[in-house]
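Subject: Handover of a protein structure

Dear colleague,

Please find the structure below, together with its sequence.

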Amino acid sequence: MDLTQRLLDLEAENAQLKAENAELRRRLAQLEHQLQQVHQRRKRTQAKRPPKAGTPADRRRQEHRQHPGSVRPEPPPDTPFVEHDVHPAQCPHCGSADLEATGAFDDHFVADIPEPRVEWHRYRRHVHRCRQCQRTCQGRGDLELPGAHIGPRTRLLTCYGRAHLGISLGKTQDLLHDYFGLTLSRAGLLGHLRWGGTLFAPVVEELLALLRASPVVQGDETGWRINGQPAWAWCFRDPRLAIFLIDHHRSRDVILRVVGATFAGTLVSDFYAAYNGLNCPKQRCLVHLLRELAKLREELPWQSVRAFIQPLIDLFQDALALGKGREQLSPSAFAQAHQALLDRFDDLMLNSHSNHPECLRIWRRLFKHCAELFTFLRDPRVPADNNGSERDIRSLAAARQDGGTHRAAWSAAAFGRLKSIIVTGMKNGVRFAQYGIEVVRAKLAGQPLPLPLPAAPDTG
């Protein structure tokens, strides 16, 4: 009887302990949720709080501020100067005007631009008669555009302002009128964009062929409009090239039209489904993935975070660190670390116990793209993120916000070509103003158009 009663007491005590444990776990989850809310409110408050008096504005860590200051270099020895001899009119100490020169002086160098003004060109085309066929002919002057009353430098400035600076055609009108005294209509400026798009079309085709032969291409897209209808601005790039185009579609066909169906390089992109249709090696952007996981860490229950989200964040952060430290490891040590990361990933995917819908969504995505997450560890030329194309495409936001989008498909195509030329030139240290004049001269002379790439070294 005593033994039976003892068993009953133990069962009752066990049930009571289980109830207390469940209540403690519920209370712990509630406290952790409240703690997350406190951290979020503190972050928002700190973001809005002005810096304290005496606090340095540069909050970067000390090791990130070890670069030398930016100082304008002295002009080269053969620089032509606009000379100004400056003499004092009176002594600044006592006010006396009785001064004598000592022969000493200081040079103060100032870089400025000439006074903006319109430069008129008159091409007097003399008529000559051929002694052989007795027919008359005329020549063409340097940079003389046939049938045009506005020269190429003004046209290139219009293209640069719209495609790169992102200013509207109305502001370009103000710039040309207020600074140069040149009055043009908005329709005339729009014609300059058409001229620029036609001028650089063959160059963009050559750049597109070079991009298709690149070992690594990054791609990204952002929203746009053509005549009020939804469209997409695409950017495909590598370290020395950038190709922009605007299309009504956000589909696989656009990607195939740019890089080609036989593209043999590696495509770096986010997880957008249109990139799945290209049959080539891929690297999915881990920065996009980590950004989404960090957001889920703040929103999901702590059990799901501890079981799945945080281990994923740690895994991909370790993978990024391994990729950056590749040069510090021997090939065998790097291979072992690489395999250990893959084993961790497989173990996490096979033994995940979280049934939260968001965790299942992430799990399905990683399972589908598991072969496209660590390509950067197999090929050192491949970046782990898509930041390059995001930086290149970010400048389109200025044109979209200020200059607006396009009313016609031809202006969208011209904008994409001009943007491709300008950004490719910037990557290679080629100034658009000078390069554009070279293209105009080559076009008028019937010669092959140069590319906005560094000149090939002379091997002769």
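Predicted model: local features only at pLDDT ≥ 70, side-chain atom pairs only at ≥ 80, totals over all residues.

Residues are numbered from 1 along each chain as its sequence is written, and side-chain values use heavy atoms, with hydrogens and water left out.

Overall form

The protein chain contains 14 helices and 7 strands; these are DSSP runs numbered from the N terminus, with helices (H or I) of at least four residues and strands (E) of at least two. Its radius of gyration is 33 Å, whereas a compact globule of 460 residues would have a value near 23 Å. That radius is taken over C-alpha atoms, and the globule rule is 2.2 Å times the number of residues to the power 0.38. Along the principal axes, the C-alpha trace spans about 135 × 80 × 50 Å.

Of the 460 residues, 34% count as buried (buried means under 20% relative accessible area, exposed over 50%, and partly exposed in between, with a 1.4 Å probe and protein chains only). Among contacts (heavy atoms within 4.5 Å) with a separation of 6 or more, 62% are between residues 24 or more positions apart.

Pockets

Which residues lie nearest the centre of the largest pocket? They are Glu-119, His-121, Gly-151, Arg-153 and Thr-154, out of a lining of 38 residues. On a 1 Å grid over the protein atoms alone, a pocket is an open set of points with protein on both sides within 12 Å along at least five of seven lines, a cavity is a set where a 1.4 Å probe fits but cannot get out, and lining residues have an atom within 4 Å of a point. The largest pocket holds about 1,500 Å³ of space; grid points are joined across faces, edges and corners, and a volume is the space filled by probe spheres set on the points.

Helix H2 (152–165), helix H3 (169–180) and helix H14 (432–445) each supply at least two residues of this lining, and H2 gives the largest share, 6 residues. By class, the lining has 23 nonpolar, 6 polar and 9 charged residues (Ala, Val, Leu, Ile, Met, Phe, Trp, Tyr, Cys and Pro count as nonpolar, Asp, Glu, Lys and Arg as charged, and the others, Gly among them, as polar).

The second largest pocket has about 1,300 Å³ of space. Its lining of 33 residues includes Glu-83, His-84, Asp-107, His-108 and Phe-109, which lie nearest its centre.

Cavity

A search of the whole structure finds 1 cavity of 30 Å³ or more. Among the residues lining the largest cavity are Trp-234, Phe-244, Phe-415 and Lys-419. Strand E4 (229–238), strand E5 (241–247) and helix H13 (409–427) each give two or more residues to this lining, which has 7 nonpolar, 1 polar and 1 charged residues.

Two loop residues

Most residues other than glycine have a negative phi. Gln-134, in the loop between strand E1 (127–129) and strand E2 (136–138), has a positive phi of about 65°. Asn-227, in the loop between strand E3 (216–226) and E4, also has a positive phi, near 55°. Gln-134 is partly exposed at 47% relative accessibility, and Asn-227 is partly exposed at 45%.

Yours sincerely,
A colleague
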